[in-house]
Amino acid sequence: MMETKILETQDISIGYTHSKSQNVVAQNISISLTRGKLISLIGANGIGKSTLLRTITGIQKPLLGNVLLNDKNISQYTTLELAQQLSLVLTEKLPPSSLTVFELIALGRQPYTNWLGQITADDSRQIHHAMEITETAHLAVKKYYELSDGQLQKVLVARAIAQDTPLIVLDEPTTHLDLQNKVGLFKLLKKLAHESGKAILFSTHDIDMAIQLSDEMILMASGNVIQDTPEKLISINVFDNLFENDSITFDRDKVKFVFKNL
Amino acid sequence: MQSQKRHILFILLGFAVLLLFVLNISLGPVRIPTREVIESLMGGNASKETWQYIIINYRLPKAITAILAGMGLSVSGLLMQTLFRNPLAGPYVLGLTSGSSLGVAFVVLGAGLIPGFLGSLLLSSAGIIIASCLGSLLVMIAVLIVSQRLRDTMAILIVGLMFGSFTSAIVGVLTYYSTAEQLQKYSFWVLGNLGNLSWTSIGILSVSVFTGLLMAVFSIKPLNALLLGENYAKSLGLNYKKTQLVIIFATSILAGSITAFAGPIAFIGLAVPHIAKLTFNTSNHNILFWATLLIGAAVMLVCDILSQIPGSDITLPINAITSIIGAPVVIWLLLRKRKMLL
């Protein structure tokens, strides 16, 4: 697989603008997302992970600097062009509806369908492909509200796969899942990145698992953002400073966080 | 299998609308045999000249108005429910109808305040339609702004309620300044009436309703994307602002023009989309749009038949009938164990 960069930021500052004052959440962020790699985004609550995700997916503008998608400023893409490059899996709850799993995944084809949203043979092939990879084909006729959290998360990933974009961004996809489903989802994302050559970025609080399974990690700590392979990050001791709390430390030999003073 | 069942349902619904259409024309203070109605509708002449006269000048316009009003109000309800992601939305509940009433009240009751030519211009049917559409447009925009400020679905309903009270208060004030004749005209309009429309008025109403429905057809794909919420919809390439604008105009034209001609009609816009969702067990607007259209027409024809109490020459106001049927349906929908869906 060729190592092609798909998304890149150069020294951007992220945050919010309130009428006149700026609220800077983090600055000097330089990260890059490469095809075929599973990249995790970690950091404590409130450090600005969501703001960073919102910024690199074009939902909000950086306060300073540019987000480049395929070497072109992301703000120059129309929503439709962007939808063909980037698909999302969000944390928000879906509004109550009686969409079936098939219909939900099929919505991923909207950037390609005609004005009525009709599914062509090619669309149908992509939808079935997405259901196959995520092992959700047996759920196709079920209503989405009948699914367990684990199944729903897989279906939402299937929808993103059906959107057929080189980049997939997931916001805390493992949050409500049990251990078995977490591992299952991580493995699915890894397989997807390696086999289909997509760049996959996800934020998570399951740091132990992220260290073991991601190809690269983006680590947000107060003041700075570092991107590298997990091994490299361990070797330079950055995980010790991840939490501003003495009772949590990182054990390099076990590759695990340990708790003291309990 | 599933789609086959849906096809059969659609065919049955189509027949039901046709049957109700003929029945609607045949029933009334003067009962006209169904065979004669069909004969007359096919371009022939009914065997009695009075029957022919009644059909062409009274019953047929009324049946067509019922179909237009049923389709338009139901579809505007469907659009609003999905746009606001609120299963309880509808043109009456969210106050669009009240907005229209206010527009009409200003024109009918307030025209006396403006002397001469301008006053009479306002009172023409075009003036009333424009005032009515503007009224519903204003309320729709207000509700939209509130819905973006407060992401709370219940708050939107309360805003609709407030508009209702606000309207009746303003109308109350206006009545003090209006003549008995104006007041009578307005009171008659408020009761709602599908009949008494000239063929010209029906022409204007048809153009308005079909414009609104056409805009709704173009919104089918965006509406399906909106079932995942605003953020997912945008990530699927949806131009949210444009979609919002098209839906705002579609609902305002539909609710406004129908209210201008037929008076405020309650509950059709809220109840019919849910009947369609339950019957077809889907949220897919490719199906829901057509289902809502047909069920809306059928329900309105039934309500109109019921408003002519069979065997008497009393005609009840259509708004009373839709409320008597609609209110219990909505309460039943709310009381069901399962949540109401989009």
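**Chain architecture, helix packing and local backbone features**

With 25 C-beta neighbours inside 10 Å, Phe267(B) counts as buried. The model is a predicted one. Phe267(B) sits in the loop that links helix H12 (240-262) to helix H13 (268-280) of chain B. Its phi is positive, near 70 degrees, although the residue is not a glycine.

A positive phi also occurs in chain A. Asn70(A), again not a glycine, has a phi of about 50 degrees. This residue lies in the loop between strand S6 (67-69) and strand S7 (72-73) of chain A. Asn70(A) has 14 other C-beta atoms within 10 Å, so it is partly exposed. The threshold for a buried residue is 20 or more.

Chain B contains 15 helices and 0 strands. Its radius of gyration is 20 Å. A compact globule of 342 residues would have a value near 20 Å, so chain B agrees with the rule. The C-alpha trace of chain B spans about 60 × 60 × 35 Å along its principal axes. Of the 342 residues in chain B, 49% are buried. Contacts in chain B were considered between residues at least 6 apart in sequence; 79% of these join residues at least 24 apart.

Two helix pairs of chain B were examined. In the first, helix H3 (residues 49-83) meets helix H9 (residues 199-218). Their axes come within 10 Å and cross at roughly 25 degrees. Angles under 35 degrees count as roughly parallel, and H3(B) and H9(B) are therefore roughly parallel to each other. The crossing of H3(B) and H9(B) is left-handed. On the H3(B) side, the contact is made by Pro61(B), Ile64(B), Thr65(B), Leu68(B), Met71(B), Gly72(B), Val75(B) and Leu79(B). On the H9(B) side, the residues are Trp199(B), Ile202(B), Leu205(B), Ser206(B), Val209(B), Gly212(B), Leu213(B) and Ala216(B). By class, the contact of H3(B) with H9(B) has 12 nonpolar and 4 polar residues. No charged residues take part in it. An α-helix has 3.6 residues a turn, so residues three or four places apart point the same way.

The second pair is helix H6 (residues 125-149) of chain B with H12(B). The axes are 8 Å apart, and the packing angle is about 140 degrees. That angle makes H6(B) oblique to H12(B). The crossing of H6(B) and H12(B) is right-handed. From H6(B), the contacting residues include Ile128(B), Ile129(B), Ser132(B), Cys133(B), Gly135(B) and Met140(B). From H12(B), they include Ile248(B), Thr251(B), Ser252(B), Gly256(B) and Ala260(B). The contact of H6(B) with H12(B) has 11 nonpolar and 8 polar residues, and no charged residues.

Further along chain B, Leu316(B) lies in the loop between helix H14 (285-307) and helix H15 (318-335). Leu316(B) is partly exposed, with 15 other C-beta atoms within 10 Å. Residues up to four places away in sequence aside, Leu316(B) touches Ser307(B), Ile309(B) and Ile321(B). Ala89(B) is 227 residues from Leu316(B) along the chain, and their C-alpha atoms are separated by 26 Å.

Chain A has 8 helices and 14 strands. Its radius of gyration is 19 Å, close to the 18 Å that the globule rule gives for 262 residues, so chain A is as compact as a globular protein of that length. The C-alpha trace of chain A spans about 55 × 45 × 40 Å along its principal axes. Buried residues account for 42% of the 262 residues of chain A. Of the contacts in chain A with a separation of 6 or more, 67% join residues 24 or more positions apart.

Helix H1 (residues 49-56) of chain A is largely enclosed by the rest of the structure, because 6 of its 8 residues are buried. These are Lys49(A), Thr51(A), Leu52(A), Leu53(A), Thr55(A) and Ile56(A). Gly58(A) follows H1(A) and has a positive phi, near 80 degrees.

The two chains meet at an interface where 26 residues of chain B are in contact with 20 residues of chain A. On the chain B side, helix H10 (220-226) and helix H11 (230-235) each supply at least two residues. The side of chain B that touches chain A has 10 nonpolar, 11 polar and 5 charged residues.

Technical notes
Residues are numbered from 1 along each chain as its sequence is written. Chains are lettered from A and ligands numbered from 1 in the order in which they are written. This is a predicted model: local features need pLDDT of at least 70, side-chain atom pairs count only at pLDDT 80 or more; totals for chains, interfaces and linings use all residues. Helices (H or I, at least four residues) and strands (E, at least two) are DSSP runs, numbered from the N terminus. A residue is buried if 20 or more other C-beta atoms lie within 10 Å of its own, exposed if 12 or fewer, and partly exposed in between; C-beta atoms are placed from the backbone. Two residues are in contact if their C-beta atoms, placed from the backbone, lie within 7 Å. The radius of gyration is taken over C-alpha atoms; the globule rule is 2.2 Å times the number of residues to the power 0.38. Ala, Val, Leu, Ile, Met, Phe, Trp, Tyr, Cys and Pro count as nonpolar, Asp, Glu, Lys and Arg as charged, and the others, Gly among them, as polar. Axes are lines fitted to C-alpha atoms, for helices over the stretch in contact, and angles run from 0 to 180 degrees between N-to-C directions. Angles under 35 degrees count as roughly parallel, over 145 as roughly antiparallel, 65 to 115 as roughly perpendicular and the rest as oblique. A crossing is left-handed if the near helix is turned anticlockwise from the far one by less than a right angle, and right-handed if clockwise.
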